[in-house]
Amino acid sequence: MRHNSLRGNMNYLKIISLLGVLFMWSCGNKATQFSLPSTSQSFDQVVTYNNKVDLLFVVDNSKSMGQYQVKLSTQVPNLISTLNNLKMDYHVAVTTTTMTTDALKYPMTRQLIGSPKYLTNQNIQLLSKRLLVGESGSDNERGLDALAYVTGDYAQTEASGFLRSSALFVVIFLADENDNSSEFGKGNSSDFVDLMNKLKPAFSDGNRAWIANYIGNISSVGCDILGGDTSIGTSYLKLVEASHGIKESICSADLSVAVSNIKARFIDQLTSFRLKDAPNKDSIYIEVGGISVNEDSNNGWTLETEIDGKGITGYYIKFHGSAIPAVDQSINVKYTPAGAN
C-alpha cells in the first residue's frame, strides 16, 4: 500500500510538470510584459550645443526700399549684442535682390556686399552700414535666386569660409514685393525649399540646419509712403513655412519686434536640446549654471515637438529669455520617459 501510494504521488507530480510545460509553451508567443525603469538624460557638464550660426540678409534694393533698410539697420546692434552675450560663433553677410548680369548698370548685383565678404565678431560693427544697400537696384526683384547664387559656387570661390557645415544657416529676407526668381527655380513651387534642404540637410542629431525668415508684406494692404508697388511675398513665405521661420510685417513702426522675434527663433533653435524619448512632462527637471529653471515661455524652458521629413516626432527642450544658456554654462536636464513607472 505504501509502495502504491508513492507511485501515485510520482504520477501526480509528472502530470503537474507536464501541465506546467504545456502552459509555458502556450504562452511562448506572447510579448514579454515589463515596466520601463525611471531614467534620466543628463547634460550636467559644460554646454556643447552648436553655437555656430551663418546669417545672410537678402535685402531688396529697388526704389522706395531705403526707408526699410534704415529701420532694419537701426535694430542690428541689439541683435549683435545678444549674440555676443551668449558667446555665439557667427558669420554674417549681405546680398541684394538684384540678379541682373549687367554689373556696370547695377554694381551691387550677384555678390555678397562689401569687403570682406562676411563679418565676424571682429568686424561686426560694419554690418549696420552694409545693410544700407540703397534704391538703385533692379525693379525685377529676385531674392530667392540671390540666395541660391551666393550659397552656391560663389560661396566656394568668392566667399570661402562663409558657410560652415556645422553651423545653423539663417536667412532674413527684407522686401516689399513678391519674388520673381526663375534662374535657379520657380518661387511658386518647392524648388527653393528643396534647394535649401540639399544645401543644409538636418544635423546628425535630427535638428533643423536652416531657417528662413521674412520681413515684408504679409497682407494686401501696403504701407509704402512713397506710393511704390507692393505685393505679398508668397514665394518667400514658402521657405518660411517649410522651416518654421518668422514672418513679420514690413509696415511695423521700427521693425524692433520683427528683429526680436527672428532673433528668438534661431537662438531657440541653437540652444534647444533634443530628447531621446517622449518625456513625462511633469518629471522634467532642469538646471542652468547650477540654478533650477522653471517652465516659462518668457524666461524659462518649454517642451516643443517637431515632425521631421520622415514623419518622426522629435521632442525638444527650448530655452527662452534670461534662461538661455551661454556657451560656458553647465546644463542639467533630467526626465522620466512617458509610460515609465
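**A guided tour from the β6–α8 loop**

Begin by selecting leucine 255, which is found in the loop between β6 and α8; helices (H or I, at least four residues) and strands (E, at least two) are DSSP runs, numbered from the N terminus. The phi of leucine 255 is near 65 degrees, a positive value in a residue other than glycine. Leucine 255 is also buried, with a relative accessible area of 0%. Here, buried means under 20% relative accessible area, exposed over 50%, and partly exposed in between (1.4 Å probe, protein chains only).

The model is predicted: local features need pLDDT of at least 70 and side-chain atom pairs count only at pLDDT 80 or more, whereas totals for chains, interfaces and linings use all residues. Residues are numbered from 1 along each chain as its sequence is written, and side-chain values use heavy atoms, with hydrogens and water left out.

**The whole chain**

Display the chain as a cartoon: there are eight helices and 12 strands. Of its 341 residues, 45% count as buried. Among contacts (heavy atoms within 4.5 Å) between residues at least 6 apart in sequence, 78% join residues at least 24 apart. The accessible surface of the chain, computed by the Shrake-Rupley method with a 1.4 Å probe, comes to about 17,400 Å², and 52% of this belongs to carbon and sulfur atoms.

**Helix α8 and threonine 271**

Next, select helix α8, residues 256–271, and within this helix threonine 271. Threonine 271 is buried, with a relative accessible area of 0%. Its side chain reaches the backbone oxygen of isoleucine 267 at 2.8 Å. For such a polar contact, a pair of N or O atoms lies within 3.5 Å; within protein, one must be able to donate a hydrogen and the other to accept it, and residues adjacent in sequence count only if both atoms are side-chain atoms.

**The nonpolar cores**

Which residues of the largest nonpolar core touch the most other members? Of its 51 residues, these are Phe57, Leu127, Leu174, Ile215, Phe266, Ile317 and Phe319. A nonpolar core is a set of buried Ala, Val, Leu, Ile, Met, Phe, Trp, Tyr and Cys residues joined through side-chain atoms within 4.5 Å. A second, separate core of 27 residues includes Leu56, Ala93, Ala146 and Phe192.

**The parallel sheet**

Now select the five strands that form an open sheet with parallel pairing, in the order β3-β2-β4-β5-β6. The edge strands are β3 (89–96) and β6, each of which pairs on one side only. Neighbouring strands of this sheet are turned by 15 degrees against each other on average, direction ignored. Two strands count as paired if DSSP finds at least two bridges between them.

Start at β2 and β3, which pair in the parallel sense over eight bridges. The bridge partner of phenylalanine 57 in β3 is valine 94, and that of valine 59 is threonine 96. Is β2 largely enclosed or open? Because seven of its eight residues are buried, β2 is largely enclosed by the rest of the structure. Strand β3 is mostly covered, with seven of its eight residues buried.

Continue to β4 and β5, which run parallel and are joined by six bridges. Leucine 174 has isoleucine 215 as its bridge partner in β5.

**Helices on the sheet**

Axes are lines fitted to C-alpha atoms, for helices over the stretch in contact, and angles run from 0 to 180 degrees between N-to-C directions.

Stay with α7 (residues 234–243) and show the side chains of Ser235, Tyr236, Leu237, Leu239, Val240 and Ser243, which are buried. The buried residues of α7 pack against several elements, including α4 (143–150), α6 (191–199) and α8. Histidine 244 follows α7 and has a positive phi, near 55 degrees.

**The loop between β3 and α3**

Finish in the loop between β3 and α3 (127–130), where proline 116 is found. A cis peptide bond joins serine 115 and proline 116, with omega about 0 degrees. Arginine 110 lies in the loop between β3 and α3 as well. Its phi is near 50 degrees, a positive value in a residue other than glycine. Is arginine 110 buried or exposed? Arginine 110 is buried, with a relative accessible area of 17%.
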